[in-house]
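These are my notebook entries on a single structure.

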Amino acid sequence: MAAHDRLLVIDFGSQVTQLIARRLRELGVYAEVHPFQKVDADFLAAFAPKAVILSGGPASVTEPGSPRPPAALWRLGVPVLGICYGQQVMMADLGGSVEAGHHREFGRAFVEPAGGAAARDPFLDGLFETGREEVWMSHGDRVTRPAPGFSAIGMSPGAPFAILADPARRFYAVQFHPEVHHTPNGTRMLGNFVRLAGFRGDWTMGAYRAEAVAAIRAQVGETARVLCGLSGGVDSAVAAVLIHEAVGDRLTCVLVDHGLLRQGEAAEVVALFRDSYNIPLIHADEGPRFLAALAGVTDPEAKRKTIGRLFVEVFEAHARAAGGAEFLAQGTLYPDVIESVSFHGGPSVTIKSHHNVGGLPEKMGMKLLEPLRMLFKDEVRALGRELGLPEAFVRRHPFPGPGLAIRIPGEVTAEKLAILRAADAVYLDQIRRHGLYDAIWQAFAALLPVRTVGVMGDGRSYDWALALRAVTSVDGMTADSYPFDHAFLSETATRIVNEVRGINRVFYDVTSKPPGTIELE
């Protein structure tokens with residue numbers, strides 16, 4: 001990475017820690033997230049952050065052995081911001097008091113300025129214009145006495161020290177979560193913090209493109225060949241075009257057509273890479289092989305692992321056919337890493353595994369190349385535009401590596417796949433016809449493991465139930481269901497039932513993330 005100003009986010013296990021980095025990237029600040037276990041005095045010295053943010057987390061500082069940052073942090077001489085648990089750990093380490101069970105507070109709250117110092121503090125520039133700020137609280141403990149040097153500049157009914165400041169050391173602490181969209185002016189708060197820390201805002205995808213090309217060349221060398229797996233989605237496509245810019249015809253792409261892609265997707269990807277970019281592409285039709293391996297498999301984690309194992313086997317075979325590629329490239333993104341068993345070794349709870357995270361079996365003898373590993377989805381889209389990918393392709397909704405297999409809860413069969421492909425195509429066509437595609441982060445249909453009785457014509461039907469899902473999101477870490485009107489849903493359900501044999505009932509999933517995930521499995 002080039003000599004950007006760098007901000008270190010120390011992760012104490014919050015499920016939304018990566019949103020901190022995401023918001024900072026929006027502000028042109030390069031931020032990295034590392035778990036508290038790995039951050040010691042030597043790490044701090046090597047990383048040389050211009051500022052540090054301490055995340056939230058599930059622990060309590062009142063418990064023995066609770067997670068703490070290294071003592072060297074407080075002597076580093078750089079601005080520090082503590083968020084939720086991060087606030088509490090600042091106070092506990094620096095001489096304040098935190099008590100458990102005082103006032104549990106979850107959800108929306110309102111913070112008001114506290115004291116005359118609030119009006120003069122740069123952390124609050126542009127805030128409290130209406131007299132109070134809406135924020136999102138999620139805590140069970142709270143600060144009962146600030147550490148020496150700190151004073152309250154914001155308060156709420158449930159948190160009298162909602163915002164604490166020590167301007168002399170440029171230490172700040174908030175009890176709420178400015179990184180989530182439920183805190184409307186949270187990004188402004190983070191922006192104020194990075195401005196008082198002196199960041200230049202020099203993180204852009206234009207700069208990253210040049211840096212990534214140089215890094216790929218340095219990693220791959222002058223003679224090694226690269227094999228890149230295409231999934232049909234934006235991430236792997238952007239990774240492939242970026243790598244092609246770096247190594248040219250030493251890249252071979254492999255589209256593993258596992259029989260789990262959407263309708264017409266394989267043909268579209270082949271046309272893009274062979275016709276538009278002239279990148280060597282192997283179209284591996286492996287559908288029967290994957291379907292046979294998935295026979296009888298109903299557990300979602302078992303599905304993902306089965307698909308991941310077969311991907312590795314297919315890549316290994318085509319690596320030999322492509323002349324012994326030394327590197328395997330993947331479109332792994334930051335959220336992929338975070339939602340898996342922590343790549344960073346962090347304390348977050350595992351949500352689900354990702355088939356393209358965790359490295360490769362040693363027997364493959366290939367090295368892993370992941371040029372997008374530290375990027376969020378919107379950054380990948382911006383990079384795709386920098387690389388000249390067609391806008392329609394860049395704007396495509398995310399599509400999971402395991403494909404339609406995780407949109408069919410229960411066993412995956414050829415019959416179910418055919419039904420789901422047809423229904424999904426109708427649904428997406430409806431969304432495009434109504435001009436809604438770009439307003440939605442991700443939309444898809446899922447075939448439920450439920451058959452219901454219906455009446456079609458003069459006869460009885462006993463067919464599958466279909467769930468429609470559409471969400472709005474910024475980065476995929478949190479999401480809300482898209483608010484379709486009833487007329488759209490009714491029209492769509494009618495089209496699906498009439499045009500797709502095998503479905504007689506349609507539902508719309510209104511679950512947000514959390515508590516759900518975007519995909520059903």
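I began with Arg433, which is exposed, with a relative accessible area of 61%. I use exposed for over 50% relative accessible area, buried for under 20%, and partly exposed for what lies in between (1.4 Å probe, protein chains only). I noted that this is a predicted model, in which local features need pLDDT of at least 70 and side-chain atom pairs count only at pLDDT 80 or more, while totals for chains, interfaces and linings use all residues. Residues are numbered from 1 along each chain as its sequence is written, and side-chain values use heavy atoms, with hydrogens and water left out.

Which residue forms a salt bridge with Arg433? I found Asp429, with the closest N and O atoms 2.9 Å apart. A salt bridge here is a side-chain nitrogen of Lys or Arg within 4 Å of a carboxyl oxygen of Asp or Glu. Both Asp429 and Arg433 belong to helix H14 (residues 414–433), where they are four residues apart, about one turn of the helix. Helices (H or I, at least four residues) and strands (E, at least two) are DSSP runs, numbered from the N terminus. Asp429 is partly exposed, at 27%.

I recorded 25 salt bridges in the structure. I then looked up Arg209 and Glu245, whose side chains meet in a salt bridge at 2.6 Å, N to O. Because Arg209 lies in helix H6 (residues 205–220) and Glu245 in helix H7, this pair ties together parts that are 36 residues apart in sequence. Arg209 is partly exposed at 23% relative accessibility, and Glu245 is partly exposed at 32%. A further salt bridge links the side chains of Glu391 and Arg395, at 3.9 Å, N to O.

I found Arg250 in the loop between H7 and strand E13 (251–257). Arg250 is buried yet has no salt bridge, and the nearest side chain of opposite charge, Asp249, is 5.7 Å away. Lys and Arg count as positive and Asp and Glu as negative; His and the chain ends are not counted. Leaving aside neighbours within four places in sequence, the contacts of Arg250 (heavy atoms within 4.5 Å) include Val220, Glu222 and Arg225.

Entry four: the nonpolar cores. A nonpolar core is a set of buried Ala, Val, Leu, Ile, Met, Phe, Trp, Tyr and Cys residues joined through side-chain atoms within 4.5 Å. The largest one has 132 residues, and Leu7 and Phe123 have the most contacts inside it. Helix H7 (residues 234–247) gives the most to this core, with 10 residues. A second, separate core has 28 residues, among them Ile10, Phe12, Met91 and Ala147.

Entry five: helix H12. I listed the buried residues of H12 (residues 377–386) as Lys377, Glu379, Val380, Arg381, Leu383 and Gly384. They pack against helix H1 (17–26), H6, H7 and helix H13 (391–394). After H12 comes Gly388, whose phi is positive, near 85°.

Strands E9 (residues 151–156) and E10 (residues 159–166) run antiparallel and are joined by four bridges. Two strands pair if DSSP finds at least two bridges between them. I saw that a hairpin joins E9 to E10 through two residues, and that Ser151 stands opposite Ala165 in E10.
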